[in-house]
Amino acid sequence: MLYGKEHVQRYQETDGAEGHEWNNTVTLLLTTKGRKSGKSYTTPLIYQRFGDDYLVVASKGGDPDHPEWYKNLVANPDVEVQVKGDRFKARARTAGEAEKPEMWRVMTATWPPYDEYQTKTQRPIPVVVLERAE
């Protein structure tokens, strides 16, 4: 099973033929700019479509702290996304309180452990909306 840097490399080399389908769900690649370093960081994340947008969850397995990629996109919401062979620029935003419940249901339908992760931490786990930039 692909994970981490190997996952990113195989996904990029094969336009997602290897790595898009993962553990009975699907992943995209999210590239953020480091808020301190300014370097680009690419992370494979479980996603789902939501209308024209893509959703990802900043769960970090229920850790008390947000994942680094989330902290980076909060500091700089201009990101790059790859879904299979489709690479595009996007604007990331955290789902608002009114829209999050429906989006959370969409994401837990594809990855049920998100509900368990939320019970492990006091922080509200963010749902991130990736809006394609045209």
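In what order do the elements of the protein run from the N terminus on? Colour this predicted model by secondary structure and follow the chain: the order is α-β-β-β-β-β-α-β-β-α-α-β. That gives four helices and eight strands in the protein.

Now zoom out to see the whole chain. The C-alpha trace spans about 35 × 35 × 30 Å along its principal axes. The radius of gyration is 14 Å, close to the 14 Å that the globule rule gives for 134 residues, so the protein is as compact as a globular protein of that length.

Switch to a surface view. The accessible surface comes to about 7,500 Å², and carbon and sulfur atoms hold 48% of it. Buried residues account for 45% of the 134 residues. If you colour by charge, you will find 19 positive and 20 negative charges, whose mean positions are 6 Å apart.

Next stop: select helix H3, residues 100-110, and show its side chains. Lys100, Met103, Trp104, Met107, Thr108 and Thr110 are buried here. These residues lie on the same side of H3, because they cover an arc of only 155 degrees around the axis. An α-helix has 3.6 residues a turn, so residues three or four places apart point the same way.

Note on methods. Residues are numbered from 1 along each chain as its sequence is written. This is a predicted model: local features need pLDDT of at least 70, side-chain atom pairs count only at pLDDT 80 or more; totals for chains, interfaces and linings use all residues. Side-chain values use heavy atoms; hydrogens and water are left out. Helices (H or I, at least four residues) and strands (E, at least two) are DSSP runs, numbered from the N terminus. The radius of gyration is taken over C-alpha atoms; the globule rule is 2.2 Å times the number of residues to the power 0.38. Buried means under 20% relative accessible area, exposed over 50%, partly exposed in between (1.4 Å probe, protein chains only). Accessible areas come from the Shrake-Rupley method with a 1.4 Å probe; for residues, only the protein chains shown count as cover. Lys and Arg count as positive and Asp and Glu as negative; His and the chain ends are not counted. The place of a charge is taken as NZ of Lys, CZ of Arg, CG of Asp or CD of Glu. The arc is that of the directions from the helix axis to the C-beta atoms.
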